[in-house]
Amino acid sequence: MEILLLLLSFFLFLFLPGWAFLALIFKNKLNFLSLRGIVFSLGFSLLIVDSFVLLINFIGLKINFFSISIIPLVAGIFLIFNYYRKKSASTKIKESYSEKQIYWIVLLLFVFSLTIRFFYLSDKTFPTATDLGHHLYWIKHIQTFGNLPHYDGMPDFIIGEHIIFAVIAIFSKINLLSALPICLLTLFNFFSFLTIIILAEEIFSSLLKNPLASRLLALISGLIAGVLYSISTPQSKFISGGVIGNTLGNFLIPLTFIFFLRFIKNKNEQRDFIFFLLFAALLSYTHHLSALVFALSLGGFILGSFIFAGLTVLVGRKDFSAELFSKIKASLNWKTLIFFVSYLLFLFVIYTPTYLNKSAIDIAIGDPIKETRTGYSLAEINDNIGNWRFSIASIGFFLLITVIAYLVFEKKLKEKKVLKLFQFLDQLGLKTNDSVISSFSILLLIFWFLMLFIASNSPELFKVDIPSRRIITYLTFSTSILASFTIFIFFSSFQFLFKNTKITALVILALLGTGFFDGLNEIDNKTITKTSHSLAAQVYIASAYLAKVSTPEEKILKDHIYLSGDTFSKLFLMRGYNEPLSRSYLQRYNDPTKPRETCTRDMIAQPESEIGKACFEKTGVKYILLKKDRGTASFEKSDSFSKIFSTQETVIYKLNEN
Amino acid sequence: MKIKSTESTTISLILLIAGALFATFYQQGINSEKKAYQEQLALAFENSCQELGDNDDCLVAYLENFSPNTVKTKIETKVAGKFSIEKEIEIKPFSKIKLPPENELLDKISQTNDLVFHYKIAVTNDKLEASIDKKVIRKR
């Protein structure tokens, strides 16, 4: 029953609203049961649900079962009405995949990708990850109090990370301390690589003469991003780690780029430009780092496009700059103005994301000083992205630059008949009648990769003061698409040179096989070993006990060093994000940049000392939750504390009343 | 609305299989949750024991999926470090047990200064062990 409720909730809030919207906008021309149909439905559903919840919160309505049920109700009524409406006679939007290729998707991407994920995550559904505990507190806040939190001004949390989880939990009434969060994250992660497939096809469809080739290339991108590297970050490891913002961001970034590319490629497609703006806005309400990374990539592309257009004028090609200015002109209209007015209204009146304040921006922007923020070397980037993927992608990067040069100088080169290499590229099937659009599509991919590479390698150039390990994960998608281009060129070259499909297939299989071993090398014994969640379960039992016996005035201290799942304790208490207090890793108390409080450390390390006693007095801590035999000796000996609770591995001490 | 039958059928199939896989995945989560809570034993003092006839502290035992469903418990009450009462009882899941009366011990003591009562409770069976230990200062 609970499972059916879960699936129903997914359908009603993650697909139905978007589907209804698409039926309205595309006048039934876009089929829901198509790759674009289901991916766009999820994207628009997220947009609709988030906007609706922000609006009802603004007007003071409670976020509860009845208020959120309006969304699927209205969407359902609209779809029924739409079903009986006269169908539009206009041409259907092109659907991309033929029967044969769809089975490729089913076989290679869907089955492999989901099963590998489920295999890896099967014993990780019991929520224990530290980050997930922090996020679930705010999700439970929405569920419990029926309004949106302002995160006590903390810039690390963004409202879009939590609304959809809260809506599903409120509607289905499924406990948040269950497999629900991991299931939902898996779904978004799965769709993020479906989005990559669509994006890769959008990038290359204007470049390659044969539509089958661009589809094949798109499928290879999906294979690399979603199957070969399905365990490493930002894939399954982000899911098990409860990294909500990045996972949603990795779905929204390619989706936003898809609509931007559609705007570039299609004539007078103002609608796609508005969709691009809407998803960019949604990204800014969902994850600050993803929004920053997106802005960097897009900014690099815009700047790069101007420079590129200028250079092409110098070599006698004015069509590139003409196209660029026509797009700028197309983007400036009253619809764009309405969008920006609405967005500013949302930002400054309806709900302001907490990271939009001076101190938070000052922290993220500036010269990086900490070692963890000063960037990764080329070798470290190589290791993080995957040796195979990064090497192949690097080749793809330079191949694409060659392709752009070919597109710019194509006519001149042909006239002079100098470079056989370019003629060879032509014979591989590169489109020559649409060189302007193709170049801009490729430039987007190049700058997406280049900007993130610089931000990962030399963040000081962009004044980005963010942990480099977080930025580097965003390189995975652009490198997957670049790598797929290299494989495609290898494939075409072998086919062209040897005219023997068997040899070509063998070479490609060998190439992908190497990638398979590199990508899945993280499935080792450690991964397969079943994780025991017994300690976390004991922490939850102890937390439930503390919620029952303690009053809000009696503060609680827990030990984050040795306990598992301890960040979930706050869900049992619901007394504020910072309760219970927590002893953190000892190195965190030695911060050269600013003084840190040390009471949470001293109350456990030396409870009977003068410092310890003063800390108990100052903080009002009455209860201490520890792992057995980890810092418990002082409490056992002391007459000031009683051991009032015990499981096999956890203990709770209470400060005796005098 | 005309649709491409192949793509629609395939996507329908994907949605169906994905639904089934997610259902299995979620069921796996439920099993994992059950397993985590299996054979857990917790002992605690409770502040409110009105159903036992007074408001004094009492002992509560939480046992999850235990077989047999009771465990033997030894309760030891010490006062002034020497006089003590020992009692063995059986605890069932979520049962509340009143602690041994302090009066029996108090009668034995002629001291007039404040006394520290020391309750030590240990639960053991073949697999698990837990103990709690409470010190209560009684003003004289």
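## Helix α8 of chain A

Helix α8 (residues 211-228) of chain A is mostly covered, with 15 of its 18 residues buried. Buried here means that 20 or more other C-beta atoms lie within 10 Å of the residue's own; 12 or fewer make a residue exposed, anything in between partly exposed, and C-beta atoms are placed from the backbone. Helices (H or I, at least four residues) and strands (E, at least two) are DSSP runs, numbered from the N terminus. The end C-alpha atoms of α8(A) are 24 Å apart, which agrees with the 26 Å that 18 residues should span at 1.5 Å a residue. The expected span is 1.5 Å times one less than the number of residues.

This is a predicted model, in which local features need pLDDT of at least 70 and side-chain atom pairs count only at pLDDT 80 or more, while totals for chains, interfaces and linings use all residues. Residues are numbered from 1 along each chain as its sequence is written, and chains are lettered from A and ligands numbered from 1 in the order in which they are written.

## Domains of chain A

Chain A is divided into domain 1 (1-92 + 127-175), domain 2 (96-126 + 179-519) and domain 3 (534-655); the bounds come from an automatic or database domain assignment.

## Nonpolar core

The largest nonpolar core has 220 residues. Such a core is a set of buried Ala, Val, Leu, Ile, Met, Phe, Trp, Tyr and Cys residues joined through C-beta atoms within 7 Å. Helix α7 (residues 180-205) of chain A gives the most to this core, with 17 residues.

Among the residues with the most contacts inside the core are A:Ile624 and A:Ile652. Not counting residues up to four places away in sequence, A:Ile652 touches several residues, including A:Ala542, A:Leu546, A:Ile624 and A:Phe645.

## Strands of chain A

Strand β1 (residues 555-559) of chain A has four of its five residues buried. Four bridges join β1(A) in parallel to strand β3 (residues 621-627) of chain A, where A:Val621 stands opposite A:Lys555. Strands count as paired if DSSP finds at least two bridges between them. β1(A) also pairs in the parallel sense with strand β2 (residues 581-583) of chain A, over three bridges; there A:Asp559 has A:Arg583 as its bridge partner.

Chain B has two helices and seven strands, in the order α-β-β-β-β-β-α-β-β along the sequence. Of its 140 residues, 25% are buried. Strand β1 (residues 41-46) of chain B is mostly covered, with five of its six residues buried.

Strand β4 (residues 641-646) of chain A pairs with β1(B) in the antiparallel sense over two bridges. A:Phe645 stands opposite B:Ala44 in β1(B), and A:Phe645 is also one of the residues touched by A:Ile652.

Technical notes:
Two residues are in contact if their C-beta atoms, placed from the backbone, lie within 7 Å.
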